[in-house]
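Please open the model in a viewer and keep the sequence panel at hand.

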Amino acid sequence: MASKTLYAKSPDNGGTTLRDHLIHVAIAAVCIARAWKLDERLLRIAALLHDIGKASPIFQARLFQKQKPVNQKPFRHELTSLFFLPLVDRQHWPALVELIVAHHKSIKNDGRKKGLLDLLNEFEEEEGEGVVFEMHAQQWAEWSPVAINLLASFGDFEKKPITLAEAQEAFDFAIAYCQKAHKKLGWSVYRGALMAADEFASAAIEATERQVLRSFQMPDLRFYNRVSSLHPLSSLPASAPRLHTLVVAPTGAGKTDYLIRRCRGRFFYTLPFQASINAMFRRIAEDLKGDNPDLDIRLLHGASKVVLSQSGIALEERLIQDKVGAAVKVLTPHQMAGMVFGIRGYEALMLDLRGCDIILDEIHTYTDVTKAIILKIVEMLVHLGCRVHIGTATMPSVLYQQLLGILGGPEKVLEVALPADELNLFDRHLVHKLSNWNAAIPLIKTALGEKQKVLIVCNQVKRAQEIFRQLQEIFPKADKMLIHSRFMRTDRSNKEKDLKETFNNKTNGCIVVSTQVVEVSLDISFDLMVTEAAPLDALIQRFGRINRKRTQDTIGKFKSVYVLAPPEIEADARPYDLDVLKRSYDILPDGDILHERDLQAKIDVVFPTVDTTAIDEHTIFQNGQFIIRELTHHKKSIFLDLLDIDSVTCIREQDVERYRISRAEERAMLEIPIHFNSIAYRKLDRLKQVGSSPFVIPDKAYSVELGLELHKCIPENYDSQYNLL
């Protein structure tokens, strides 16, 4: 045992030795403790202890198991790590228990019932008191000296033996502490700090010290002090002492710059859609690189590592995108919503957010459930001492007042809006109503003849695919592209890049068919739009992709947007409410200018109330207090179900073997995100316990041009040459 190398990770997971892993986590823990003003010495000790239980021969053997034997009893290395508390002064035991015992699992009601109190309930009721300790203390006399020698080599622990009785005493102390903790409500700063350090080090590995030293830096934001007569917000002072910000201004007014100018240090920038997030990440990175040559700016959404890989970002930087400490992080609010529901890692997330500037851009574009979650996020951010800056082109007055109240009212919120005479200069669209899709065909033909760029926006992926097929037949020679959410991640990323860099700059005319993925903050400017009816706030965002470039020559000039009449039945209106579509369509002008100065009144007619559906039964923060039990977290499924976001993935049958043998990043490139309810009932094969356990779709159900076609996802379409599972 003494000469055998101890591992923290299996060869399939990097093969990191236990010594190296403990050192990496300790380095990260000290830097994180310093940034968050926590006890650096305590965090280092906890980091060195947290996985020492992996020295057990039971763990080492299981690390190399290819298949788990039936009825194998659980072994939780973090529980065994508690046996080494006698090496530390007893006054630190309570904090160390918090740091160590739940750095992977809830202490109770864990998703797999492997938390400390779960194991006690399951095994000691059936097999007798002390059995959980016995399960974890096997061969103690043989391997504990090896673990103690390893700890002593770091220079932080006395090299002294620990008897089995002393280990039992430490374990009993931890049990008693957790039983009391589970009766209390609140969250653990200690747990969050160690989880943050452990996950950072596990991702960065040998690059931990280099990457963590780049983290928690304050960005130099002076670039955004630029002033332009075309962007009226650029001339407004941003240094008002009020903590928070509410900005209502049209596209092109300089909202992004102004929101960033309101920030005083590290900031998080949120946007609703992946395409707009990617564009904003590239924009901020380009803006800031002159004054911040080594800026730690990160991108976070479901496919962010794919996007970064294709952008040439180094692997070690890609691996830490979702970890703590970024100087700037561009992400979706969904990434922050985990703290609302208390899913695993929420404590680390709250610590990372605490005291930072948070920009929530275009928050009006969400569903009612998501708006309720956004309100709860804002409430928690205020509690965490964050400065919250909200920007929007339009927002119902009732929602605005709710946000203003949560942020503390006018005395704490800087409210910014353009006067009516300034708004008049942002009129740019002639709105026309069309009774049906066929009426749009001649308009598209004329526009292509004039070498215009045409953008068509649909509300459903299936409808976008149908229209794209039609246009392929009607205009076979025109440059065309379809973009929506159901593409393989690598194809989706390529299409977003192609949209911005190629189609956006076409001079000979083109057609792009899209869904809502182009609505927000995507810097493209087309000449003509045909869009299905949508909620008025969403339509205004869509219109912003037409005649977007603001110059002295374009002010006062208009381009046409055509809106199709709403459907007759509710199913065809999804994902929107049919009554909202009808109200939005009715209030639009027909053959006339859509005036920016009139938008607020129109929005308030369409949205006289905002149904922020009650979510309190699922949230951990209510009435200014946390209601989750200490050292626990909730399952992720509730969070995903409420948001109705893509919660599973699928892969093509031809990619199954490649997926099996690939690492996580390459697997992500092969995945197609989709909602569970859209795919689960189709009786498809599933690659369980590999990667994200993707469903396997027939090859003929996917193409680079059209993406995933759900109606073709049936077992009869599988290719018999593949032996799938």
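A polar contact is a pair of N or O atoms within 3.5 Å; within protein, one of the two must be able to donate a hydrogen and the other to accept it. The model on display is a predicted one.

**Stop 1: Asp156**

Select Asp156, in the loop that runs between helix H8 (140-152) and helix H9 (164-181). Is this residue buried or exposed? The relative accessibility of Asp156 is 13%, and because buried means under 20%, Asp156 counts as buried.

Next, display the surroundings of Asp156. Beyond the neighbours within four places in sequence, Asp156 has contacts with Arg41, Arg44, Ile45, Leu48 and Leu151. Two of these contacts deserve a distance label. The side chains of Asp156 and Arg41 are joined by a polar contact of 2.4 Å. A polar contact of 2.8 Å links the side chain of Asp156 to that of Arg44.

Asp156 and Arg318 are separated by 162 residues in sequence, and their C-alpha atoms lie 32 Å apart in space.

**Stop 2**

Move to strand E1, residues 244-248. How many of its residues are buried? The count is 5 of the 5, so E1 is largely enclosed by the rest of the structure.

In a regular strand, side chains alternate between the two faces of the sheet. Colour the faces of E1 separately: His244, Leu246 and Val248 are on one side, Thr245 and Val247 are on the other, and all are buried.

Strand E7 (residues 413-417) pairs with E1 in the parallel sense over 5 bridges. Within E7, Val413 is the bridge partner of His244. Strand E6 (residues 387-392) also pairs with E1 in the parallel sense, over 4 bridges. To locate this pairing, select Val247, which stands opposite Gly391 in E6.

**Stop 3: the second largest pocket**

H13 gives the largest share, 4 residues. Colouring the lining of this pocket by class shows 15 charged, 10 polar and 6 nonpolar residues.

**Stop 4**

Strands of a sheet pair through backbone hydrogen bonds, either parallel or antiparallel. Select the open sheet of 7 strands, which has mixed pairing and the order E10-E11-E9-E12-E13-E8-E14. Its edge strands are E10 (480-483) and E14 (592-593), each of which pairs on one side only.

Within this sheet, show strand E8 (residues 429-434) together with strand E13 (residues 559-564): the two run parallel and are joined by 6 bridges. Leu430 has Ser560 of E13 as its bridge partner.

**Stop 5: helix H27**

At the N-terminal end of H27, select Asp577, which caps the helix: a side-chain oxygen of Asp577 lies 3.0 Å from the backbone nitrogen of Asp579.

**Stop 6: enclosed cavities**

Rolling a probe the size of a water molecule over the atoms shows where empty space is left. The model contains 4 cavities of 30 Å³ or more. The largest cavity holds about 140 Å³ of space. Among the 15 residues lining it, His429, Ile540, Gly544, Glu596 and Leu599 are the closest to its centre. The largest share of this lining, 3 residues, comes from helix H25 (residues 536-543). By class, the lining of the largest cavity has 7 nonpolar, 5 polar and 3 charged residues.

Finish at the second largest cavity, with about 90 Å³ of space. Its lining residues include Leu425, Phe426, Asp427, Arg428, Asn547 and Arg548. The lining of this second largest cavity divides into 6 charged, 3 polar and 3 nonpolar residues.

Terms used: Residues numbered from 1 in each chain as written. Predicted model: local features only at pLDDT ≥ 70, side-chain atom pairs only at ≥ 80, totals over all residues. Heavy atoms only, no water. Buried < 20%, exposed > 50% of the residue type's maximum accessible area, 1.4 Å probe, protein only. Contact = heavy atoms within 4.5 Å. Pairing = 2+ DSSP bridges. 1 Å grid on protein atoms, 1.4 Å probe; cavity = no way out; pocket = protein on both sides within 12 Å on 5 of 7 lines; lining within 4 Å. Points joined across faces, edges and corners; volume = space filled by probe spheres on them. Nonpolar A, V, L, I, M, F, W, Y, C, P; charged D, E, K, R; others polar.
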